[in-house]
Amino acid sequence: MMYLYGASGHAKVIIEILEMMGIPVAGLFDDNSTVTELLKYSVTLFPDNFERENNELIISIGNNKIRKELSLSLNGRFGTAIHPKANISGRAVIKEGSVVMGGVTINADARIGKHCIINSNASVDHDCVLGDYVHISPNAVLCGNITVGEGVHIGAGAIVIPGVNIGNWAVIGAGAVVTKDVPGGITMVGNPAKRISGL
Ligand SMILES: CC(C)(COP(=O)(O)OP(=O)(O)OC[C@H]1O[C@@H](n2cnc3c(N)ncnc32)[C@H](O)[C@@H]1OP(=O)(O)O)[C@@H](O)C(=O)NCCC(=O)NCCS
């Protein structure tokens with residue numbers, strides 16, 4: 001059975017993908033005990049006796065750091081959710097825990113790490129390599145041969161030109177056009193993208 005951890009709007013999108021895939025959602029977990037239901041699925045606190053062997057989890061939380069912390073502490077088996085209307089190369093690799101929303105394109109030899117979010121209508125072109133816990137927001141465009149480090153957040157509608165390397169935990173603002181390598185831990189915005197904060 002598939003469970004989700006995190007009863008948010010992001011979880012609603014994942015639930016609908018799982019429904020389209022024909023994968024039954026057994027329920028959701030959330031640390032907020034006042035949330036009891038999402039889209040008619042029951043929401044409970046994560047049980048101490050969760051049966052890890054026979055169940056799979058998807059961490060349905062948009063924050064990359066929280067997804068990382070939870071994935072390490074839960075030590076479970078993680079599923080994936082891939083929208084039937086995503087256009088994914090048979091030569092692409094998508095690792096456990098990752099979710100791919102509707103309208104996404106992932107082209108040949110792209111590799112998507114664990115617990116990533118490839119959000120609605122984003123595109124990840126050939127030979128891109130994404131680390132774990134990355135979020136590519138709606139309508140963002142990664143051209144070919146880009147490397148994206150662990151925990152990077154690429155904002156909605158951002159464009160990254162071919163061959164760029166983006167360091168771990170960097171943040172790219174919505175609508176940015178990234179033309180050069182980005183060091184880890186910094187935030188870049190604008191066209192061409194310039195640094196606004198970071199280490
Ligand atoms: C880049 C971002 C992370 C910065 O957030 P922040 O650190 O809180 O920065 P602030 O809002 O304090 O803005 C700092 C400055 O950068 C500017 N700025 C912020 N985001 C910008 C963007 N995307 N493009 C251009 N300028 C931007 C602000 O106008 C502000 O400028 P000022 O100092 O001249 O007033 C955020 O604005 C952003 O774009 N996030 C992406 C959100 C997204 O796409 N989410 C998708 C969810 S599915």
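In what order do the six strands of the open sheet stand, and is their pairing parallel or antiparallel? The order is S8-S11-S14-S17-S20-S23, and the pairing is parallel. Strands S8 (87–88) and S23 (177–178) lie at the edges with a single partner strand each, so one side of each has no neighbour in the sheet. Strands here are DSSP runs of E of at least two residues, numbered from the N terminus, and two strands pair if DSSP finds at least two bridges between them. The structure is a predicted model, in which local features need pLDDT of at least 70 and side-chain atom pairs count only at pLDDT 80 or more, whereas totals for chains, interfaces and linings use all residues. Residues are numbered from 1 along each chain as its sequence is written, and side-chain values use heavy atoms, with hydrogens and water left out.

Within this sheet, S11 (residues 105–106) and S14 (residues 123–124) are joined in the parallel sense by two bridges. Thr 105 is placed opposite Ser 123 of S14. Two bridges also link S22 (residues 171–172) to S24 (residues 186–189), again in the parallel sense, with Val 171 having Thr 187 as its bridge partner in S24. S24 runs antiparallel to S25 (residues 194–198), to which four bridges connect it; Val 189 is partnered there by Lys 194. S24 and S25 form a hairpin with four residues between them, and Gly 190 in the turn has a positive phi of about 90°.

The ligand is surrounded by 13 residues, of which the closest are Ser 137, Gly 155, Ala 156, Gly 173 and Ala 174; a residue is counted if one of its heavy atoms lies within 4 Å of the molecule. By class, this shell holds six nonpolar, seven polar and no charged residues, with Gly counted among the polar ones. A ligand oxygen atom is 2.7 Å from a polar backbone atom of Ala 156, and a ligand oxygen atom is 2.9 Å from a polar backbone atom of Ala 174. Taken alone, the ligand exposes 910 Å², of which the protein buries 37% (Shrake-Rupley method, 1.4 Å probe).

No disulfide, defined as a pair of cysteine sulfur atoms within 2.5 Å, is found in the whole structure. The sulfur of Cys 116 is 12 Å from the closest cysteine sulfur, in Cys 128, which is too far for a bond. The sulfur of Cys 128 is 7.9 Å from its closest cysteine sulfur, in Cys 143, also too far for a bond.

Notes:
A polar contact is a pair of N or O atoms within 3.5 Å; within protein, one must be able to donate a hydrogen and the other to accept it, and residues adjacent in sequence count only if both atoms are side-chain atoms.
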